[in-house]
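Work through the exercises below with the sequence and the 3D view at hand. Try each task before reading its solution.

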Amino acid sequence: MGKLFGSLYLYIIVSVLLLSGVVEKFWPHKEGEQALMLHPEFTHSIALLLTYPDGLQQVQQHYPSAIFQINEIAFLPEQQAQLARGEAVLLFNQQQQASWYFQLPQQQLLQLGPIDIVTPNFDSSWPYLVMLLLIGLPIGLWSLWLLRDFNKLRHACDNMVAPESAEFASGYSSALLPITDVLRALQSRIKQLLSSQKELTSAVSHEFRTPLARLKFAIAMLEEYPLNEEQYNYIDGMTRDISELEALVTEMLNFAKMDRETPALNLTEVNLTELAGQTMEKLQLNHGLSLQLMQTESVFYRCDAHFMTRVLQNLIGNAIKYAQSCVQVEINQQSDHIKLIVSDDGSGINQQDWEQVFKPFIRLDKSRDKQKGGFGLGLAIVSKIVDWHHGRLYLQQGSLKGASFVIELPLNGH
């Protein structure tokens, strides 16, 4: 933003200087004879006065003057012609003092002057410097004023963890006022939409959980009666469906909360290698797959341990669902970021679906079907958490031929 205003300020100043140069070119300062106001009237009056008998005497009384022989001064041919026509010849000396020469009878010459001409006496660069100061100072103050409000606006947007936390209400009195008005209107609209979403989510959650609780109570009552094997199988199936619905409601509520606002992260130095190992140890039970941590050295990163654990659980759990025999986790520290890669040897994801897989409730029918379970929210939650840490999440073609999810976490992101 500073570069923008700096370039704008420089552009305006250079444009003004170029414009002043153009003006000077087309309307230059008058110099010499052109700088003397009433020059024709003055010479005509003196010439007329000299025609009177005592005219020369009166002129000599009122003006500094001298009389020469005409051949004592080397005039140019056109100046000699002027004198011959009875016109005055105007000359300037090195001090820019004016002298008028009039031809007198008997080949004499009257010099009237030298007379100081009142003209601006300053270096030619001063007008430009004064003009630059008069124009550049207000523009500079205006730019700083505008830059200050832009920085405040950007600070408010950068620190907005929820729509209601942004402060656009006061402190803006510059040209940005219309923009802040639009942002406040947009903020109000977003608040209304999120409030409606929150109310809808709460209502749906309540409407789901109440009948689920009644079903769980009914099943518990049924289990107190003697049942045959077929009836037990039905009850087990109903219990699994109820648990799945409860998990879906919980996941929806968690995602809605994450989608609505950014929580305050508890940033600490976390050993990502150790955290990944612990997560893999928890998820390794009862599936017969080989979970391999390819990193042996400890890699530390300043992040929220709770949310980073959720990231690892979702990515490794997702890989376990679709892997055929092996899941690999790699953690590499680069010069400016840390790269975390979770790969599996499953059927993989078509490249045209790589961008879609991080959207909520997206199911990829061919490669990842409903039989594997899940609600399509796990990767969307991972994307949210990575974004909170100013990181980047994407898919790549892994060495195991299956899906390979990559997270890049900047080392200077906080």
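**Exercise 1.** Decide whether Thr279 is buried or exposed, and list what surrounds it.

*Solution.* The model is a predicted one. Step one: find the residue. Thr279 sits in helix 8, residues 272-283. Step two: read its accessibility. The relative value for Thr279 is 4%. Buried means under 20%, so Thr279 counts as buried. Step three: look for contacts beyond four places in sequence. Thr279 touches Thr309, Leu312, Gln313 and Ile316.

**Exercise 2.** Determine how strand 8 pairs with strand 6 and with strand 9.

*Solution.* Start with strand 6. Strands 6 and 8 run parallel and are joined by 4 bridges. Gln292 is found opposite Gln328 of strand 8.

Now take the pairing with strand 9. Strand 8 covers residues 326-333, and strand 9 covers residues 337-344. Their sense is antiparallel, with 7 bridges. Two residue pairs let you check this in the view. Glu330 has Ile341 of strand 9 as its bridge partner. Val327 has Asp344 of strand 9 as its partner. Finally, look at the link: strands 8 and 9 form a hairpin with 3 residues joining them.

**Exercise 3.** Identify the residues that touch the most other members of the largest nonpolar core, then trace the contacts of Val342.

*Solution.* Step one: get the size. This core holds 45 residues. Step two: pick out the members that touch the most others. They are Leu272, Leu315, Val342, Leu395, Phe405 and Ile407. Step three: ask which element gives the largest share. Helix 9 does, with 8 residues.

Step four: trace Val342, leaving out neighbours within four places in sequence. Val342 is in contact with Leu315, Ile316, Ala319, Val327, Gln328, Val329, Ala403, Ser404 and Phe405.

**Exercise 4.** Explain why strand 3 is described as largely enclosed, and describe its two pairings.

*Solution.* Count the buried residues. In strand 3 (residues 97-104), 7 of the 8 are buried, so the rest of the structure largely encloses this strand.

Next, the pairing with strand 2 (residues 89-92). It is antiparallel, with 4 bridges. Phe92 is the bridge partner of Ala98 in strand 3. The hairpin between these strands has 4 residues, and Gln96 takes a positive phi near 60 degrees there.

Then strand 4 (residues 108-116). Strands 3 and 4 are antiparallel too, over 7 bridges. Ala98 stands opposite Ile115 of strand 4. This hairpin has 3 residues between the strands, and Gln106 takes a positive phi near 60 degrees.

**Exercise 5.** Classify two loop residues by accessibility, Ser325 and Lys401, and list their contacts.

*Solution.* Ser325 is in the loop between helix 9 and strand 8. At 40% relative accessibility, Ser325 is partly exposed. Beyond its sequence neighbours within four places, Ser325 contacts Leu289, Ser290 and Asp345. The side chains of Ser325 and Asp345 make a polar contact of 2.6 Å.

Lys401 belongs to the loop between strand 10 and strand 11. Its relative accessibility is 65%, so Lys401 counts as exposed. With neighbours within four places set aside, Lys401 contacts Asp344 and Gly346. Lys401 and Gly348 are 53 residues apart in sequence, yet their C-alpha atoms are 6.8 Å apart.

Conventions
Residues are numbered from 1 along each chain as its sequence is written. This is a predicted model: local features need pLDDT of at least 70, side-chain atom pairs count only at pLDDT 80 or more; totals for chains, interfaces and linings use all residues. Side-chain values use heavy atoms; hydrogens and water are left out. Two strands pair if DSSP finds at least two bridges between them. A nonpolar core is a set of buried Ala, Val, Leu, Ile, Met, Phe, Trp, Tyr and Cys residues joined through side-chain atoms within 4.5 Å. Buried means under 20% relative accessible area, exposed over 50%, partly exposed in between (1.4 Å probe, protein chains only). Contact means heavy atoms within 4.5 Å. A polar contact is a pair of N or O atoms within 3.5 Å; within protein, one must be able to donate a hydrogen and the other to accept it, and residues adjacent in sequence count only if both atoms are side-chain atoms.
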